[in-house]
Amino acid sequence: MLSERTLVIVDAANVVGSVPDGWWRDRRGAAERLRDSLVPFAAAGLPGYPGPVELVLVVEGTARGIGSVPGVRVESASGSGDDLIVELTGAQGDRACVVVTADRELRRRVARCGARCVGPRTVRPPPPSRSP
């Protein structure tokens with residue numbers, strides 16, 4: 001019998017905000033670009049979590065309503081994205097769940113549900129360094 005795929009939940013607001021690339025000028029577009037960049041991870045997995053994995057991108061605010069794409073399901077939070085992430089994590093039971101965020105409070109909350117956490121750099125490289 002095949003085991004269930006690991007669920008990877010990505011905190012869109014936190015991951016988008018982790019790289020100062022002008023995302024604040026177009027929050028919805030930044031969330032769409034993040035969604036699209038996550039597609040390869042669905043098949044490949046994350047370090048320590050081999051693919052395929054089930055990827056869920058949680059969006060809030062002006063990013064609400066962006067569509068899912070093959071490999072990445074988008075969930076729009078009607079209120080707090082953090083609350084929806086905790087709800088999704090808590091509903092997993094014994095299924096392996098990884099949350100991608102650097103938010104300390106959210107990390108604490110999902111750990112109580114049994115989820116593991118990884119930082120934004122797991123799915124998003126840091127910006128290139130500037131030459132002097």
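The following paragraphs describe the fold of a predicted protein model and several of its residues.

Local features were taken at pLDDT of at least 70 and side-chain atom pairs only at pLDDT 80 or more, whereas totals for chains, interfaces and linings use all residues. Residues are numbered from 1 along each chain as its sequence is written, and side-chain values use heavy atoms, without hydrogens and water.

The protein chain contains four helices and seven strands. Both are DSSP runs numbered from the N terminus: helices are H or I over at least four residues, strands are E over at least two. Their order from the N terminus is β-α-α-β-β-β-β-α-β-α-β. The chain is as compact as a globular protein of its length, because its radius of gyration of 14 Å is close to the 14 Å that the globule rule gives for 132 residues. That radius is taken over C-alpha atoms, and the rule is 2.2 Å times the number of residues to the power 0.38. Along the principal axes, the C-alpha atoms fill a box of roughly 55 × 30 × 30 Å.

Buried residues account for 42% of the 132 residues. Buried means under 20% relative accessible area, exposed over 50%, and partly exposed in between (1.4 Å probe, protein chains only). The accessible surface comes to about 7400 Å², with 51% belonging to carbon and sulfur atoms. Areas follow the Shrake-Rupley method with a 1.4 Å probe; for residues, only the protein chains shown count as cover. Of the contacts with a separation of 6 or more, 56% are between residues 24 or more positions apart. A contact requires heavy atoms within 4.5 Å. The chain carries 18 positive and 15 negative charges, whose mean positions are 5 Å apart. Lys and Arg count as positive, Asp and Glu as negative; His and the chain ends are not counted. Charges are placed at NZ of Lys, CZ of Arg, CG of Asp or CD of Glu.

Helix H3 (81-90) is mostly covered, with seven of its ten residues buried. These are Gly 81, Asp 82, Leu 84, Ile 85, Val 86, Leu 88 and Thr 89. Their cover includes strand S1 (7-11), S4, strand S5 (72-76), S6 and helix H4 (104-111). At the start of H3, a side-chain oxygen of Ser 80 lies within 3.2 Å of the backbone nitrogen of Asp 82.

Val 58 belongs to strand S4 (residues 54-59). Val 58 is buried, at 3% relative accessibility. Beyond four places in sequence, its contacts include Gly 81, Leu 84, Ile 85 and Leu 88, as well as Ile 9 and Val 10. The C-alpha atoms of Val 58 and Asn 14 are 10 Å apart, at 44 residues along the chain.

Arg 95 sits in the loop between H3 and strand S6 (97-100). Arg 95 is also buried, at 18% relative accessible area. Its side chain makes a polar contact of 2.4 Å with that of Glu 54. A polar contact is a pair of N or O atoms within 3.5 Å; within protein, one must be able to donate a hydrogen and the other to accept it, and residues adjacent in sequence count only if both atoms are side-chain atoms. Outside four places in sequence, Arg 95 touches Glu 4, Arg 5, Thr 6, Leu 7 and Glu 54.

Most peptide bonds are trans. The bond from Gly 51 to Pro 52 is cis, with omega near 0 degrees. Pro 52 lies in the loop between strand S3 (49-50) and S4.

Arg 104, in helix H4, is exposed at 73% relative accessible area.
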